[in-house]
Amino acid sequence: MKLLCCIRCNQIFSLSHTYKECDGQHGGGQYIDNLNAKVWGDEKQVLVLGFANSSFINALRSQVADGDSEELMPYAGKMTPKGRDFTAFIIPEAADSIIRVEDPFVPVQVKF
């Protein structure tokens, strides 16, 4: 799963096969097939985030099967239940699965 993070708007949204932009129109993008995405925006202010899909699915399954974790963590000055962990990361600019362009682009029609 890929998400776009606009630091200027303080906004994060999931990429899909439908073109999307942040509210401030600083960046946007879409999946161009089931793996690769095309994005635009200043690479220092519009970042692409990724979830390790298998890790995310395992966390979802654990939550559904076992319910809330009994583990606690500090949050907002108190101890609160900790949610299920999964691996997320900033996708590097050198990643083959991201096509980065500087300016907005005409959305592509994805065919399967």
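User: Buried means under 20% relative accessible area, exposed over 50% and partly exposed in between (1.4 Å probe, protein chains only). So is D85 buried or exposed?
Analyst: D85 is exposed, at a relative accessible area of 55%. This is a predicted model, where local features need pLDDT of at least 70, side-chain atom pairs count only at pLDDT 80 or more, and totals for chains, interfaces and linings use all residues. Residues are numbered from 1 along each chain as its sequence is written, and side-chain values use heavy atoms, without hydrogens and water.
User: What does the D85 side chain meet?
Analyst: K82, in a salt bridge of 2.9 Å, N to O. The criterion is a side-chain nitrogen of Lys or Arg within 4 Å of a carboxyl oxygen of Asp or Glu.
User: Which residues make up the network there?
Analyst: Salt bridges link E71, K82 and D85. Between E71 and K82 the closest N and O atoms are 3.7 Å apart. That pair joins distant parts of the chain, eleven residues apart: E71 lies in the loop between α1 (53–66) and β7 (72–75), K82 in the loop between β8 (78–81) and β9 (88–90).
User: And E71, how accessible?
Analyst: Partly exposed, at 44%.
User: How many salt bridges in the whole structure?
Analyst: Three. One of them pairs R100 with E93, closest N and O atoms 2.9 Å apart; E93 is partly exposed at 39%.
User: Different topic. How many helices and strands?
Analyst: One helix and ten strands, as DSSP runs (helices H or I, at least four residues; strands E, at least two). The order is β-β-β-β-β-β-α-β-β-β-β.
User: How much of the chain is buried?
Analyst: Buried residues are 33% of the 112.
User: What box do the C-alpha atoms fill?
Analyst: Roughly 50 × 35 × 25 Å along the principal axes.
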